[in-house]
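Please consider the sequence and the three-dimensional structure shown here. The paragraphs after them are meant for a reader who meets this structure for the first time.

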Amino acid sequence: MLRIANGRVHDPTNTLSGTVQDIVMDKGAIISTDGIPQGQLDEMETIDATDCVVMAGGVDIHSHIAGAKVNTGRIMCPEEHYSHVSSRTKITRAGCGRCVPTTYRTGYLYSKLGYTTVFEAAVPPLEARHTHEELQDLPMLDKGCYTVMGNNHLVMQVLSDTDPVRRKERLRNLVSWLLKASRGYGIKVVNPGGVEDWKWNVGAADLDTPTPPFGVTPRQILGGLAEAVDDLKLPHSMHLHCNHLGEAGNVATTLETMRTLEGHRAHFTHLQFHSYGKTPKGGFTSGTVEITDYLNKHPEFTFDVGQIVFGSTLTMTSDAPMEFHLHQMTKGKWASGDIEMESGSGIVPITYKPKMLVNAIQWAVGLELLLLTKNPWQVVLTTDHPNAGPFTAYPQIIKLLMDKDYRQSWVEKLHPKIRQFTCLFELDREYTLDEIAIITRSGPARTLGLDRKGHIGVGAEADVTIYRTNTDKSTMFSTPAYVIKHGEVVVRDGEIVKSVTGKSLGVSPEQGERLDDELTDTFDAYYTVKMANYMVEDEYLDTPEVVPCG
Amino acid sequence: MTVHKNVVCTFCGCLCDDIEVEVEDNTIKSVKKACAIGKNKIMHAITEPPTPSVNGTKTSIDAAVTEAARILSKARNPLIYGLSSTTSEAQRELVEIAEITRGNLDNCSSYCHGPGVLARQQTGLVSCSLGEIKNRADLVIYWGCNPVESHMRHLSRYSLQPKGLYTPEGRKGRKVIAIDIRPTPTTKRADVFLQVSPGHTFEIASALRALIQGEPLEFPEGQDTVGDVPIDSWRKVADMIKGCKYGVLHFGLGVTQCRNSDINVEQVARLVQDANRHTRFYGVAMRGHGNVNGANQVMTWLTGYPLCVNFSKGYPRHNPGEYSTLPMLARKDIDAALIVATDPGAHLPKDAVDFLKTIPTIHLDPHRNLTTPWSSVVIPVAPVGVAATGTFYRMDNVPLRLKKLVDSPFPSDEEVLKTMKEKIVYAANS
């Protein structure tokens, strides 16, 4: 048993706002202090958290931390490993890397920030085994991954079925099967139809552009998969990377996508990259007012930000055509990987510069999304690691949200025309500690359907972070005094004191035990692996936990 | 009689996973669908195991592992090398042993496709999975590779003959170009064969890049050749690349080991990138050993680098040339070696082997081979994919799980290395 005494608890799930109270945990779960005699409490191993802020462990809903494209990114960027290294100790493994750290280092860095659960954002089923192997070598965190389906041939084959009743049933079965085959946690959709279009060397896909040769449109893919998420009662909503990422004026597509999905659950990922207006000359402006006006009226939708962090980083996504366009702009390194029957991916290094107008607008757009969305439960703090910047910048972003003066000081560092295209510097809102707790743990846990995460009420998992209060919120959130994982202290004063293995979170929806005969024939004919070798085996999951559907 | 279906062959980077193996009384009776090499590899997987020994004296596995741990614990600058024909699970153990011993870690790609891996550090690589070739490719180029003999089912299963989703005519629907320095069984299968002079890969790739970008290439009268092939032939190749719908360029050791090393592959990779301004076009490295790609993958996710890593400072450092196997052996930099799943006695230069014979060398392998007689410590292991399970990465990064078909009297690489690691840690702490 472990007690955290006298901390100021910020637990929005349980409406605790700086309430001073003890937290007690046993066997990896938070337990009630009721009925425990004071003498026993006093004798318990106790962390004195007087004047400290106590929150649940952080939950990152969207981060690229493991798998084929992440590893290709590591290969591509040795130059950024050299000066960011960690030596082996008696407790920790060696590693290196800043924007794409090695797996062990990734776990340690997240843990040192107070995070205890992270989700890998995009996994093609054919390469899912690789993702799970890396996740096995990623300590300190509970983890899961999303299975990409937005350009999957089997999905499009089913969606081209003309019988609506049969189509719906077959799609539900297929989605469930794909999740089981890849041991995924949820459905990821990336530029639906657009990646397949790119393989045919045709232009970008609008919502009603038929995808050759199936003739299925992105709108149909979105509608069908959103319906399947609802029908299967998956814990997490559809995790959607919209079409036209990064293009000026894409706010129109994003809004139309949202309207299309009304009535369904959807999580819009790295929305910053999808919230751009367009000037008459085709340039970038912020489109956040339109987006947040809509979101403020539609609480059923959630999103994560993908906040830009100035400096060098590496973009990596299943949106292969977007990365190709980025490569054409940068003329630098470019890796790409088309995956048979399923998806593609691309990787391009980038440097975001405050004096570059487009980058400055992107930076402001992310913060505007955070500040203009009234309900923090709809927002999750991410950098789409490492696309918009490394996750290690979260404390810096928190400071920007909590400290208006600090935020205002940035106007001098940005391109002089920044005020012309954004409204960020007219916004006075400052996030409270409760709101920070919401966007970094309580909100993402709720969006993911993880009842026992994101809060520290009785019955919750004993993942707790203790921060020393500090007026500089970046300092406060970058070095927690203690991080507790599954009831054990794993970080003390910024140092890893114990290495632990986290759980593998997955789902097991009803149906999907096997593919129907028609899809089996397609699989056998056009995949280059046998179906029996496609399914990820139990051996690739450490401490698996099935999160119930429904 | 038990029939195992969908068995993964571990011979080459194709990892064909449709093999059928019949087993009776713990003996492999027949192998179906595999190529000639794969069939023989599986049929004879558990024959001729070495005897566990220390300094030539027969001993138990446990005693051999204990001696190996002692050697590695005492070594000041050990080399851990091989990795390419064992599982990613064993490779993960080897990375940690390198960390614990503050040694050097390198795999066989150091002198095969290593330059291609290094090229990715400079340019990236636009690539695709093998099924995309099967389903979409209407132009296939084989450059400096001879898969008919080295990857025997590559053409029939992935790249040339198969009828795919959008390639219903199979071979008839594909144009095939071969570039090599001599005729091979693969070049005979091509529509266009360009026999080039050795050592001109960079020059050829540069010319093709220029042609694809529409640059006029002018040559002095009578000297209008690149790689001793007339420029008009290269113009046709460039037109074929620009005119295809989905083209794939396979490159082999003829590109990676050609003079100029990694910049050859850089230029080929840039050629592939350039072609994407006109069409979809991809490069695929014809990786050799079954899991040499896995060795690069595992080392990268654990150390940040795909090969040539040194842990002497406690964290991974990467410097090809300094920390790659052959230069280290040439400089006589190391004082002990742990060699897993490769046969340096057969593959490395004589001087390198002669030096290895002078230092304590530990060798894990399922077979007796040219390294066995002179290794200080010999540890027989169960052959992966036949008597031990684990993960292999196909040449296109698709990981597959190997099956266990028969029992072996010996432990797997992974089991031996785990024990060895624990003994080294124990020695360090005591």
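This is a predicted model: local features need pLDDT of at least 70, side-chain atom pairs count only at pLDDT 80 or more; totals for chains, interfaces and linings use all residues.

On the side of chain B, 67 residues are in contact with 57 residues of chain A. The size of an interface is often given as the accessible area lost when the parts come together. For chain B and chain A this buried area is about 5,200 Å², and 50% of it lies on carbon and sulfur atoms. Three residues, Arg280(B), Trp301(B) and Arg401(B), provide 13% of the area that chain B buries against chain A, more than any other three residues.

The rule finds 9 salt bridges between chain B and chain A. In one salt bridge, the side chain of Arg394(B) meets that of Glu340(A), with a distance of 3.8 Å from N to O. Polar contact across the interface of chain B and chain A is found for 47 residue pairs, both residues being at pLDDT 80 or more. Helix α3 of chain B, residues 88-101, gives the most to the side of chain B that touches chain A, with 7 residues. By residue type, that side of chain B comprises 24 nonpolar, 24 polar and 19 charged residues.

Strand pairing also links the two chains. Strands of a sheet pair through backbone hydrogen bonds, either parallel or antiparallel. Strand β18 of chain A (residues 335-338) pairs with strand β8 of chain B (residues 126-128) in the parallel sense, over 3 bridges. Within this pairing, Ser127(B) of β8(B) has Gly337(A) opposite.

Chain B holds an open sheet of its own. Its 9 strands follow the order β5-β4-β20-β19-β18-β6-β7-β16-β17, and the pairing is mixed. At the edges of this sheet are β5 (57-58) and β17 (317-318) of chain B, each of which pairs on one side only. Strand β4 (residues 53-54) of chain B pairs with strand β20 (residues 377-380) of chain B in the antiparallel sense over 2 bridges. There, Val54(B) has Val377(B) in β20(B) as its bridge partner.

In chain A, strand β21 (residues 464-468) is mostly covered, since 4 of its 5 residues are buried. This strand, β21(A), is joined by 5 bridges to strand β5 (residues 52-56) of chain A, and the two run antiparallel. Arg468(A) in β21(A) is the bridge partner of Cys52(A). Strand β22 of chain A (residues 482-485) also pairs with β21(A) in the antiparallel sense, over 3 bridges. In this pairing, Ile466(A) stands opposite Tyr482(A) in β22(A).

The backbone has some features that deserve attention. Most residues other than glycine have a negative phi, and most peptide bonds are trans. Pro212(A) and Pro213(A), however, are joined by a cis peptide bond with omega about -5°. Pro213(A) is placed in the loop between α7 (194-199) and α8 (218-232) of chain A. Another cis peptide bond, with omega about -5°, joins His385(A) and Pro386(A), and Pro386(A) lies in the loop between β20 (379-380) and α13 (394-402) of chain A.

His244(A), which is not a glycine, has a phi of about 65°. This histidine, His244(A), lies in the loop between β12 (238-241) and α9 (251-260) of chain A. His244(A) counts as buried because its relative accessible area is 11%, under the cut-off of 20%. In chain B, Arg102(B) has a positive phi near 55° and lies in the loop between α3 and β7 (104-107). With a relative accessible area of 39%, Arg102(B) is partly exposed.

Finally, is Ser159(B) buried or exposed? Ser159(B) is found in helix α7 (residues 154-159) of chain B, and its relative accessibility is 0%, so it counts as buried. The side chain of Ser159(B) makes a polar contact of 2.7 Å with the side chain of Tyr142(B). A polar contact of 2.9 Å also joins the side chain of Ser159(B) to that of His154(B). Apart from neighbours within four places in sequence, Ser159(B) is in contact with Ile133(B), Val140(B), Tyr142(B), His154(B), Arg174(B) and His250(B).

Note on methods:
Residues are numbered from 1 along each chain as its sequence is written. Chains are lettered from A and ligands numbered from 1 in the order in which they are written. Side-chain values use heavy atoms; hydrogens and water are left out. Contact means heavy atoms within 4.5 Å. Buried area is the accessible area (1.4 Å probe) that two parts lose on being put together, summed over both. A salt bridge is a side-chain nitrogen of Lys or Arg within 4 Å of a carboxyl oxygen of Asp or Glu. A polar contact is a pair of N or O atoms within 3.5 Å; within protein, one must be able to donate a hydrogen and the other to accept it, and residues adjacent in sequence count only if both atoms are side-chain atoms. Ala, Val, Leu, Ile, Met, Phe, Trp, Tyr, Cys and Pro count as nonpolar, Asp, Glu, Lys and Arg as charged, and the others, Gly among them, as polar. Two strands pair if DSSP finds at least two bridges between them. Buried means under 20% relative accessible area, exposed over 50%, partly exposed in between (1.4 Å probe, protein chains only).
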